[in-house]
Amino acid sequence: MVRRLGCKCSAIEPSKVQKLLQSNFPLPPPVVTISQYACQRRSTLNNRNKIFTDALDILAENFEFNENESTYVAFARATSLLKSLPYTISKMAALDGLPCFGDQTRAIIEEILEDGVSSKVENLLCDEKYKARKLFTSVFGVGLKTADKWYGQGFRTLEAVKASKDLKFTKMQKAGFLYYEDINNAVTRPEAEAVAQIIETIVHGYTPDAIVTLTGGFRR
């Protein structure tokens, strides 16, 4: 004779089962898919890879100065992608599967991971020609050819350029020197909102039901 033993076990709720499994078998982190196209990536105000993007930006700018368009574009794309990442690059393996990274950009990132700085960037920041180009082109109306011309004539500072009696400036360059600080300082949000209020008042004078909205970074 077989005696059937009664089972007094109560059913476990599905939610508790899921929590139990997760505690014993942690789920892998979600896979983040990054598009190679900037227009398909989310922009973020929190750059988690600034140490890399600052270095790549400097090198990209120098490639642009030297009219090395293909390398400039490659570095600019890598910088754009790094800025969009929702995580910080802490090892080279984190770049696996990501688009926009070639041998040159990977080498820069690897050196920064190992040494904290890029030797190419450090050398470039000490280069007189690069510093002069960057300084002179920061003036509204001054392009690379003019910057190189001034550098070739021995100028190294804006004060020396403005004090020269041999140089002739265009109207745009004169305005660039006159309003240099205003042009090169970022517009604050209160300033942008004040301008928006003025424009909104004028627009509503013609179209009362029109909607005026700040765009760009101030809309985020």
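User: Leaving aside neighbours within four places in sequence, which residues is Thr-79 in contact with?
Analyst: In this predicted model, Thr-79 is in contact with Thr-53, Leu-56 and Asp-57, where contact means heavy atoms within 4.5 Å. Thr-79 itself lies in helix α3; helices are DSSP runs of H or I with at least four residues, strands are runs of E with at least two, and both are numbered from the N terminus.

User: Is Thr-79 buried or exposed?
Analyst: Thr-79 counts as buried, at 2% relative accessibility. Buried means under 20% relative accessible area, exposed means over 50%, and partly exposed is in between, with a 1.4 Å probe and protein chains only.

User: And how far apart are the C-alpha atoms of Thr-79 and Lys-50?
Analyst: They are separated by 9.3 Å, although Thr-79 and Lys-50 are 29 residues apart along the chain.

User: Before going on, what should I know about the numbering and the model?
Analyst: Residues are numbered from 1 along each chain as its sequence is written, and side-chain values use heavy atoms, with hydrogens and water left out. As the model is predicted, local features need pLDDT of at least 70 and side-chain atom pairs count only at pLDDT 80 or more, while totals for chains, interfaces and linings use all residues.

User: How many helices and strands are in the protein chain?
Analyst: The protein chain has 11 helices and zero strands. Of its 220 residues, 25% count as buried. The accessible surface comes to about 16200 Å², and 55% of that belongs to carbon and sulfur atoms; the areas come from the Shrake-Rupley method with a 1.4 Å probe, and for residues only the protein chains shown count as cover.

User: What share of the contacts joins residues at least 24 apart?
Analyst: The share is 51%, taken among contacts in the protein chain between residues at least 6 apart in sequence.

User: Turning to packing, at what angle do α2 and α6 pack?
Analyst: Helix α2 (residues 50-65) and helix α6 (residues 128-136) pack at about 85°, and their axes are 11 Å apart. Axes are lines fitted to C-alpha atoms, for helices over the stretch in contact, and angles run from 0 to 180 degrees between N-to-C directions. The two helices are therefore roughly perpendicular to each other; angles of 65 to 115 degrees count as such, under 35 as roughly parallel, over 145 as roughly antiparallel and the rest as oblique.

User: Which residues meet there?
Analyst: From α2, Ile-58, Glu-61, Asn-62 and Phe-65 meet Tyr-130, Arg-133 and Lys-134 from α6. By class, this contact has three nonpolar, one polar and three charged residues. Ala, Val, Leu, Ile, Met, Phe, Trp, Tyr, Cys and Pro count as nonpolar, Asp, Glu, Lys and Arg as charged, and the others, Gly among them, as polar.

User: How many disulfides does the structure hold?
Analyst: It holds zero disulfides, a disulfide being a pair of cysteine sulfur atoms within 2.5 Å. Cys-100 is partly exposed, with a relative accessible area of 23%, and Cys-126 counts as exposed at 59%.

User: Where is Cys-100, and what is its phi?
Analyst: Cys-100 is placed in the loop between α3 and α4. Its phi is positive, about 75°, although Cys-100 is not a glycine. Most residues other than glycine have a negative phi.

User: What about Glu-67, where does that residue lie?
Analyst: Glu-67 lies in the loop between α2 and α3 (69-84) and counts as exposed, at 64% relative accessibility. Phi of Glu-67 is also positive, near 60°.

User: In which loop is Ser-118 found?
Analyst: Ser-118 is found in the loop between α4 (103-115) and α5 (119-125). Ser-118 is buried, with a relative accessible area of 3%, and is in contact with Ile-108, Glu-111 and Ile-112, leaving aside neighbours within four places in sequence.
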